[in-house]
Amino acid sequence: MTRIRGFEIVDKYKDQELSLPKRATKGSAGYDLTASQDIVIPSVFKAMQTGNFEGNPVGSTLIPTGVKAYMPENEYLLLANRSSNPMKRQLAVPNGIGVIDSDYYNNDGNEGEIFVQIINYGLEDVEIKKGERIAQGIFTKYETADQETDDFSVRTGGFGSSGR
Ligand SMILES: O=c1ccn([C@H]2C[C@H](O)[C@@H](COP(=O)(O)OP(=O)(O)OP(=O)(O)O)O2)c(=O)[nH]1
Ligand SMILES: [Mg+2]
């Protein structure tokens with residue numbers, strides 16, 4: 001099989017029996033990404049009521065997926081929330097969509113593990129179980145501008161690794 005685009009398990013999860021992202025139906029655009037561990041997403045409202053801000057509930061929680069994605073240089077993986085998350089359990093992706101760059105794969109900082117940023121604007125904490133589907137990734141093509149120079153830096157991580 002030619003290797004063009006796909007997912008792999010991140011090294012540190014190798015013996016934890018994670019599965020690779022799947023599309024639920026033949027016509028689904030998105031590969032469902034799952035949580036690599038049990039994790040609690042604290043409710044922002046509840047924290048404000050109780051004054052307990054442990055676990056940084058005013059910010060967002062990063063859900064590890066245990067997988068990395070490889071793809072050609074002219075593609076990225078578009079990370080989108082599941083539409084059922086806001087409807088059923090008040091979970092939003094505060095960055096709107098996530099952009100997983102092709103050079104994030106195997107970066108020196110975290111090997112390219114994909115994280116899903118989630119904020120819980122509901123009234124109760126939400127427990128996510130290992131293996132539960134949390135978001136979806138869509139392989140997408142992009143174009144570049146004419147006026148580019150080649151003074152690029154090398155990606156060493158994500159979430160602000162290239163500076164403010
Ligand atoms: O929801 C997300 C968004 C991003 N990333 C990873 C993959 C992406 O390639 C990298 C950088 O994302 P982005 O460029 O959107 O964030 P930034 O704030 O500009 O960080 P950086 O300075 O590292 O580019 O972080 C995720 O794992 N999940
Ligand atoms: Mg960036």
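Tutor: Let us begin with a definition: a residue is near a molecule if its C-beta atom, placed from the backbone, lies within 6 Å of it. This is a predicted model, in which local features need pLDDT of at least 70, side-chain atom pairs count only at pLDDT 80 or more, and totals for chains, interfaces and linings use all residues. Residues are numbered from 1 along each chain as its sequence is written, and chains are lettered from A and ligands numbered from 1 in the order in which they are written.

Student: How many residues surround ligand 1, and which are the closest?

Tutor: Ligand 1 is surrounded by 16 residues, the closest being Gly98, Tyr104, Gly158, Ser161 and Ser162. Strand 8 (98-101) and strand 9 each give two or more residues to this shell; strand 8 gives the most, with four. Strands here are DSSP runs (E, at least two residues), and helices are runs of H or I with at least four, numbered from the N terminus.

Student: Which helices and strands make up the chain?

Tutor: The chain has two helices and eleven strands, in the order β-β-β-α-β-β-β-α-β-β-β-β-β from the N terminus.

Student: What is isoleucine 100 in contact with?

Tutor: Two residues are in contact if their C-beta atoms, placed from the backbone, lie within 7 Å. Leaving aside neighbours within four places in sequence, isoleucine 100 is in contact with Ala69, Tyr76, Leu77, Leu79, Ile114 and Gly137. Across the chain, residues 24 or more positions apart account for 78% of the contacts with a separation of 6 or more.
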